[in-house]
Amino acid sequence: MKRVFEFVLFLVAVFYSGSVFSQAAAVDIEWVRIPGGSFIMGSSGKDAEEDETPAHKVNVPEFEMSKTLVTLDQYKACVDAGVCETPDTEEGCNWGKSDRGNHPINCVDWEQAQAFATWAGGRLPSEAEWEYAARSATRGWKHPWGNKRANCSLAVMTESSKRQGCGNDGTWPVCSKPKGNTAQGLCDMAGNVMEWVRDWYYYGYKGAPKDGSAREVKGSPYKVCRGGFWGGHARNMQAAVRVYYPPEFRENFIGFRIARPVPAKHPEPRDKLDGDLGPDSDVSPDSNVRPVPPSPQDFAPKNQSKKMLKTFIK
């Protein structure tokens, strides 16, 4: 019993003295629970791109995803903490613009996205997780909102009768198109900016994992981006569309969001331990009931534990 108590004190001391707590508390992420289930990933039929085939069944475990694209303000907190590098500031980049705090951060490469995700207590989603979430989980829709063709009432995109970005020629504040949210409540899973995911790019799904995990064995010089962007047209807003870029690539149409496993539940509190179970207990004092040593997760805070661009501009 003494060893268990010392172990608990050790974990608490490590956790609260370490940087993980201060980092996780430095940024406010709204997490959305994505229920586990199976779906058909990819496309089939005459309008399918070759690298979206073959359509195949994938089983995705339950996980959580950030409701919004990572914003400039959220990313700035990581830069201010000395962990993340500053994004580019070229034309169309949001960094350094005082009126863009609630816009998605853009002009960041894959490594910058990965660094933020780790700092914030998450990770980049796998490509399968991303598409599953974009299809509103087991609903399997073509778009986050259903099978209706994309337009500017649903996504920050380009319509033929309007300028790019629904008339804004760039990004909008996150969650500006709530009618286009997924059934679970995720914003901007189509349009605004494309999103880095964990996977290396493979041309097609032959040999792809069927358990929702990422392809982390390098199969090309490129990482996958998903989701369409403010300059993309209706076809590019479909959940199955894939694009790829070198991991060091930065542009004003690429951002990211993060994911994490579902946090472990806290154990029920125990007022009495070992044989001292109290007079009202229905458990015999000499039974085999013993307290279970806590895991490190029990002390985690609530908010932790040749295609490319030409596909879009036609």
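Predicted model: local features only at pLDDT ≥ 70, side-chain atom pairs only at ≥ 80, totals over all residues.
**Glutamine 238.** Setting aside residues up to four places away in sequence, glutamine 238 touches Asp47, Lys142 and His143, where contact means heavy atoms within 4.5 Å. I placed glutamine 238 in the loop between E6 and E7; helices (H or I, at least four residues) and strands (E, at least two) are DSSP runs, numbered from the N terminus. Is glutamine 238 buried or exposed? Glutamine 238 counts as buried because its relative accessibility is 15%; buried means under 20% relative accessible area, exposed over 50%, and partly exposed in between, with a 1.4 Å probe and protein chains only.

**Basis of the entries.** Residues are numbered from 1 along each chain as its sequence is written, and side-chain values use heavy atoms, with hydrogens and water left out. Local features need pLDDT of at least 70 and side-chain atom pairs count only at pLDDT 80 or more, whereas totals for chains, interfaces and linings use all residues.

**Sheet with E6 and E7.** I traced an open sheet of 4 strands, ordered E7-E6-E5-E8, with mixed pairing; two strands pair if DSSP finds at least two bridges between them. E7 and strand E8 (254-255) are the edge strands, each pairing on one side only. Strand E6 (residues 223-226) pairs with E7 in the antiparallel sense over 4 bridges. Within E7, tyrosine 245 stands opposite lysine 223.

**Lysine 67.** I found lysine 67 in the loop between strand E4 (63-66) and helix H3 (72-80).

**Nonpolar cores.** A nonpolar core is a set of buried Ala, Val, Leu, Ile, Met, Phe, Trp, Tyr and Cys residues joined through side-chain atoms within 4.5 Å. The largest has 33 residues, of which Tyr75, Phe116, Trp196, Phe256 and Ile258 touch the most other members. H3, helix H4 (110-119), strand E5 (194-200) and strand E7 (242-245) each give two or more residues to this core. Apart from it I noted another core, of 24 residues, including Tyr132 and Val197. Not counting residues up to four places away in sequence, isoleucine 258 touches Ile29, Trp31, Met65 and Phe116, among others.

**Whole chain.** I recorded 5 helices and 9 strands in the protein chain. Of its 314 residues, 51% count as buried.
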